[in-house]
Every structure is written in structure tokens, then in C-alpha cells.
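Below are some notes on the model, written for someone new to reading structures. Please keep the structure open while going through the points.

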Amino acid sequence: MAIPQLTAADGTTLPAIGLGTYRLNGSAGADAIGQAIRAGYRLIDSAVNYENEGAVGRAARSAGAVRDELIVTSKLPGRHHSYDEALTTIEESVFRTGLDRVDLYLIHWPNPKVDLYVQAWRALIEARERGLVRHIGLSNFLPEHIERLVAETGVAPVVNQIEVHPYFPQQEALDYHREHGILVQGWSPLGHGNDLQQHPVVVEIATAHGVSPAQAILAWHVARQVIPLPKAASPQRQAENLDVFGIKLTDAQVEAITALGRPDGRLSDQDPAVYEEF
């Protein structure tokens, strides 16, 4: 299955959908990720704090000829933002995966109170120059954080991974990133533990297209040029989530799902302006 690609300002291309791997750990996780790769996924999301870089790396190493098509991702935790610690952590990520490089490395959270994210960004730049990683980006950064990084280093991220789902559509953030040529990945794209997939608006649109509510939501992400990262362990769910590029929502349907946004729409009240994760 051919997955469309999205292109950042610097020419970096990423698949238009990826696999979330949070809690896909150990042998079972490696098997599930390997199945996803065989199903057609080429963007695999991970993080140091997920404690599954080994499982992701095992699946990638077992992928054979398609390894070079994969974008294996990891993220730097907040406890290692200082420059030297960040570089060592990136090296350890590469070692844990067993790969010769990590394809995309992100800073997981800005942790602005600690105020070391510029050091962390300089470490990612150095890691890219050393060939430890191919591409670098951010996760959960706000525009003011991004602008400071660019002002102090001259290097812009290729991607920012942020919370995006119909209850928290982030239209202003999407507009900002598009204006600056930064791709957006969406975490928890289907919501998490809420009633989103049972919402009458979503169900009505899904029924109109003969697809599942999850597929309708993922098609909404695709229409907005957000790269969703749904997690799925079962082959059936993996295949269903991947089979969304033929679903063409109307502008009115996209707007109807976007209108489900709420002021308190964040899943866990994790506002990057104040939230800290280590």
C-alpha cells in the first residue's frame, strides 16, 4: 500500500500516517511493530520514556530490504536536556535500537521552567552532524519555543509532534506550522479513553462513507495535513487505520468534526507552557 508523503520546508518527506508504539514493549511489542511494517507502515514512533526502543529496533532490523524506507523515531526525555547528557542519551538510543542511526529524533517536551531546551536542541543538531540521526524535530513545543530555537541556533525543526484530535483540533497551531514549513504529527489522534468514536457527528460521517468512526477521524487528520500516529497492536486494527487515504471527506464534514473542539479538550491538561515531563 503506497502511503502519501508530506514535505517540510527543507525538503524532508514523512509518510502521511505513522504507528504509535506506546506500551508496545518486549517480544509482543516487537512482533506487533513487525506486523505493522509488513502491513505498510513506514513511520514508527517511539521515545526513551516508552522504554521500547529495543523492540522498535528489533522490528526495524527484521524488516529486511524496507529498512531504508523506515522512519524510526525516538524522543529525548526532559531529565537529559543538558547538552552533554542529551548527546549521550541519543547515542544510547542508537545503541538500544541496534541500528546504525535513528531516522528522526525529537525533544519530547520543552520543560520551559527548567529552560534547557536550547541546549538539548544544540545536541540534536550535533547528533545530526555526526550521523547519529538523520532528521531532528520537536514534540509538544509552542510557537514561542520554536521561535527561540531558530533565533538562537538558526536551525528549524522538520516536525513538531503535538496533541491533535477532534476535541482538541489545534487550528491555530496548524496554521502556524504550515506557514513555517514545519510538519505536524498528531499524538492520541483518536482520543484516548473518551467517547470521541461514539460521538453522533463522527458516527454519521463514518456511516455516510461506509467506514469505521476511527477511519473517519483519521481521514479528518489526513484532510488537515496532520500526520496521525494511532497505536494498534492487532493486525486488523493496523490495517484498518492504514486504509484511510481513499476516504475523501467534504469540506463541510471536515469542518463539522473540527467544530467538536472544546476549550478543555486536552486529554490530560498537558499544556506545554507549564507542563513538565522528565
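1. Leucine 104 has histidine 135 in β7 as its bridge partner. Strand β6 (residues 102–107) and β7 are joined by five bridges and run parallel. Helices (H or I, at least four residues) and strands (E, at least two) are DSSP runs, numbered from the N terminus. Two strands count as paired if DSSP finds at least two bridges between them.

2. The model is predicted: local features need pLDDT of at least 70, side-chain atom pairs count only at pLDDT 80 or more, and totals for chains, interfaces and linings use all residues. Residues are numbered from 1 along each chain as its sequence is written, and side-chain values use heavy atoms, with hydrogens and water left out.

3. Strand β7 (residues 133–139) also runs parallel to β8, with two bridges between them. Here serine 139 is partnered with glutamine 161 of β8. Five of the five residues of β8 are buried (under 20% relative accessible area, with exposed over 50% and partly exposed in between; 1.4 Å probe, protein chains only).

4. Which strands make up the open sheet, and in what order? Eight strands form it, in the order β3-β4-β5-β6-β7-β8-β9-β10, with parallel pairing. β3 (19–20) and β10 (226–228) are at the edges and have a single partner strand each, so one side of each lacks a neighbour in the sheet.

5. In helix α9 (residues 235–242), the buried residues are Gln238, Asn241 and Leu242. They lie on the same side of α9 because they cover an arc of only 100 degrees around the axis (taken from the directions from the helix axis to the C-beta atoms). The buried residues of α9 pack against α1 (26–39) and α8 (213–223), where contact means heavy atoms within 4.5 Å.

6. The largest pocket has a volume of about 810 Å³. A pocket is an open set of points on a 1 Å grid over the protein atoms alone, where a 1.4 Å probe fits, with protein on both sides within 12 Å along at least five of seven lines; lining residues have an atom within 4 Å of a point. A volume is the space filled by probe spheres set on the points, which are joined across faces, edges and corners. The lining of the largest pocket has 27 residues, and Tyr22, Tyr50, Trp187, Ser188 and His192 lie nearest its centre.

7. The second largest pocket holds about 240 Å³ of space. Its lining has 15 residues, with Leu142, Pro143, Gln170, Ala173 and Arg266 nearest the centre. β8 (159–163) and α6 (171–179) are the elements that give two or more residues to this lining; α6 gives the largest share, four residues.
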